[in-house]
Amino acid sequence: MELANIEKLLEAYFEGNTTLAQEQELRVHFRSEELPPHLEVYRPMFMGFDIAREETSEREFTLPEPKKRNRFWNLSIAASLLLAVGISAYMFTQSGTGLTAEEEEALAAFQKTKETMFLLSENLNEGTESLTHLEEFSSGLSSLNVLNQFNESKNLILK
């Protein structure tokens, strides 16, 4: 086998990218042929794999049986949750808006306050309309003041 091919297989082996057939090729190569000195360090590793492969154990192993989960508890928890969701959905649909008496009372008070504020606003707007006439009156007074000053000046000069 070519040295370059062995080096590529060895690199792929250490990266974990080899198939079983390629690993077998490496084992056979390191078992039989003479190796260059830079690959000689891997020979004991592959020889150790061969020895470990032939080892067997005489000890008997038993796997523990998987615990059977009691489905009764799982089903009872699921049924309880379903019942709680059903009851809460029923309660919300029966109460209409879902408001308590205290909340409904607060909403009614809010509506009354809103209506009162609206009426106050209308009356205030009517009152300010009459104030525009006061502005016209005050502009008329200022022109009267100018006429009074003119009359006083005229009287001072003509006297």
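Start with the cover over helix α3: what packs on its buried residues (under 20% relative accessible area, 1.4 Å probe, protein chains only) includes α1 (3-15) and α2 (20-32). Helices here are DSSP runs (H or I, at least four residues) numbered from the N terminus.

This is a predicted model, in which local features need pLDDT of at least 70, side-chain atom pairs count only at pLDDT 80 or more, and totals for chains, interfaces and linings use all residues. Residues are numbered from 1 along each chain as its sequence is written, and side-chain values use heavy atoms, with hydrogens and water left out.

Select residues 43-54, helix α3.

Within α3, pick R43, F46 and D50, which are buried. Viewed down the axis of α3, the buried residues fall within an arc of 75° (taken over directions from the helix axis to the C-beta atoms), so they line one face of the helix. Turn to the face pointing away from that buried side: P44 and I51 are exposed there (over 50% relative accessible area).

The axes of α1 and α3 (lines fitted to C-alpha atoms over the stretch in contact, angles from 0 to 180 degrees between N-to-C directions) come within 14 Å and cross at roughly 60°. The contact (heavy atoms within 4.5 Å) is made by L10, Y13 and F14 of α1 and M45, F46 and F49 of α3.

Finally, select R27 in helix α2. R27 is buried, with a relative accessible area of 13%. Leaving aside residues up to four places away in sequence, R27 touches F46, D50 and R53.

Terms used. Helix = DSSP H or I, 4+ residues; strand = E, 2+ residues; numbered from the N terminus. Expected span 1.5 Å × (residues − 1).
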